[in-house]
Amino acid sequence: MSRQSGRSSDPRKVSQELFTLTYGSLVSQLVKDYESDEEVNKQLDKMGYNIGIRLVEDFLARSGERRCNDFRETADIIAKSGFKMFLGITPTVSNWSAAGDEFSLVLDNNPLTDFVELPEERSQLNYSNILCGVIRGALETVQMDVNVRFVQDILKGDNQTEIKVKFIKRLEDAVPAGEE
Amino acid sequence: MADDVLFELLHMEIVAYVENSAKKDEKDQLVAKLEKMGYRVGQSVAERFTRDTPRFSSELDIIKFICKDFWTNVCKKQIDNLRTNHQGVYVLQDNKFRFLVQMSASKQYLEAAPKYLAYTCGLVRGALANLGLNCIVTAEVSTMPACKFQIMIQRS
């Protein structure tokens with residue numbers, strides 16, 4: 001049998017284990033550096049945001065998606081196109097609010113948490129909180145101000161992992177200072 | 001499967017985070033800290049990557065594995081050049097190192113390069129440690145995006 005067998009042949013994909021473990025080493029470093037889980041969550045969100053504002057450029061260039069007409073379309077593109085392209089999973093979109101300004105992304109399997117177990121004393125830690133930051137950063141770049149948060153997490157004993165995305169407002173084009 | 005771009009951005013953020021979180025008097029710890037993070041990951045991925053490979057018969061065999069399979073998994077390509085003095089020092093040259101390709105093709109930003117190599121040095125050291133070779137791994141860049149990794153096997 002060849003040594004190459006079983007390896008991914010897609011040149012754009014990185015080894016899943018390498019990615020998951022790299023993320024894990026980041027989280028464990030953060031846990032060492034900060035005392036409270038809240039601080040770790042905040043830091044992960046911030047890093048995700050930095051990734052999101054760059055990632056969206058790559059996404060738009062490769063997917064050819066157009067501007068969305070409504071929030072439902074946005075939700076579909078995030079789940080079916082965005083998550084698919086970058087993590088290889090397709091979350092389910094559900095739990096729409098009556099006003100249509102809030103939805104949930106339900107993740108069946110989260111590639112970030114493949115080898116992870118959360119100890120009891122870390123119950124406040126949102127291990128995959130970086131995803132919230134990524135979604136927020138990416139949507140901000142396309143002029144949507146949103147609030148993203150974890151409401152359920154398999155790591156904490158819930159049945160599913162659920163991320164809630166709430167639309168806050170549309171960001172208007174800013175006019176540079178000194179111009180009309 | 002996670003996407004390449006995502007991994008690269010994640011790596012960038014890790015470097016930036018470690019750099020910003022280091023206190024003033026421990027800036028020189030930056031590379032060491034990143035290297036340590038890589039080391040742990042290297043140990044674990046070495047096990048995964050060698051899952052269906054036969055047992056290695058010699059030291060050179062292990063180094064070849066790093067140059068081919070390991071590098072293909074981490075960097076999407078094989079090492080371009082491998083040299084050794086047959087006394088435990090190996091120099092691996094990568095002419096288009098993944099984390100430097102997007103940055104520059106000249107001497108610009110050269111002073112920023114070392115921190116983008118530290119994590120990979122750690123990965124290699126961790127992988128080798130798990131395969132039974134204690135070593136020191138260093139990297140040097142003269143012109144981006146080419147760089148050289150030097151592996152010095154420590155014999156006890």
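How many bridges join β3(B) to strand β4 of chain B, and in which sense do the two strands run? In this predicted model, six bridges join β3(B) to β4(B), which covers residues 147-153, and the two strands run antiparallel. One of the facing pairs places B:I136 opposite B:M152 in β4(B).

**The sheet of chain B**

These two strands belong to an open sheet of four strands in chain B, in which the order is β1-β2-β4-β3 and the pairing is antiparallel. At the edges stand β1 (81-84) and β3 (135-140) of chain B, and because each has a single partner strand, one side of each is left without a neighbour in the sheet. On average, and with direction ignored, neighbouring strands of this sheet are turned by 15° against each other.

Moving across the sheet from β1(B), the antiparallel pairing of β1(B) with β2(B) extends over four bridges, and B:T84 has B:Y90 in β2(B) as its bridge partner. The two strands form a hairpin with four residues between them, and in its turn B:H86 has a positive phi of about 60°. The next pairing, between β2(B) and β4(B), is also antiparallel and is made by six bridges; here B:V89 has B:M152 in β4(B) as its bridge partner. B:M152 therefore has a place in two of the pairings, since this residue stands opposite B:I136 and is also the bridge partner of B:V89, in a sheet whose β1 and β3 are the strands with a single partner.

Two helices of chain B lie across this sheet. Helix α3 (residues 59-75) lies across β1, β2 (89-94) and β4 of chain B, and runs at about 15° to β2(B). Helix α5(B), in turn, lies across β3 and β4 of chain B, with an angle of about 155° to β3(B).

**The nonpolar core**

The largest nonpolar core has 96 residues, of which A:L26, A:L105, B:F70 and B:I151 touch the most other members. Helix α5 (residues 113-130) of chain B gives the most to this core, with 10 residues. Around B:I151, and leaving aside its neighbours within four places in sequence, the contacts are with B:I63, B:G88, B:V89, B:Y90, B:L92, B:V124, B:L128, B:C135, B:I136 and B:V137.

**Polar residues and backbone details**

B:Q93 has its place in strand β2 of chain B, and this residue counts as buried at 18% relative accessibility. The side chain of B:Q93 makes a polar contact of 2.8 Å with the side chain of B:N95. Beyond its neighbours within four places in sequence, B:Q93 is in contact with B:I79, B:D80, B:N81, B:R83, B:C147 and B:K148. In chain A, A:Q29 is placed in helix α1 (residues 16-33) and counts as buried at 9% relative accessibility; once its neighbours within four places in sequence are left aside, A:Q29 is in contact with B:Y17, B:K33 and B:M37.

The peptide bond from B:M144 to B:P145 is cis, with omega near 0°, and B:P145 lies in the loop between β3 and β4 of chain B. Phi of A:Q143 is near 65°, a positive value in a residue other than glycine; A:Q143 lies in the loop between α4 (130-141) and β3 (144-152) of chain A, and counts as buried at 14% relative accessibility. Phi of B:K76 is near 70°, again a positive value in a residue other than glycine. The loop between α3 and β1 of chain B holds B:K76, which is partly exposed with a relative accessible area of 29%.

**Cysteines**

Key
Residues numbered from 1 in each chain as written. Chains lettered and ligands numbered in written order. Predicted model: local features only at pLDDT ≥ 70, side-chain atom pairs only at ≥ 80, totals over all residues. Heavy atoms only, no water. Core = buried A, V, L, I, M, F, W, Y, C linked by side-chain atoms within 4.5 Å. Buried < 20%, exposed > 50% of the residue type's maximum accessible area, 1.4 Å probe, protein only. Contact = heavy atoms within 4.5 Å. Pairing = 2+ DSSP bridges. Axes fitted to C-alpha atoms, helices over the stretch in contact; angles between N-to-C directions. Polar contact = N/O pair within 3.5 Å; in protein donor to acceptor, adjacent residues only side chain to side chain.
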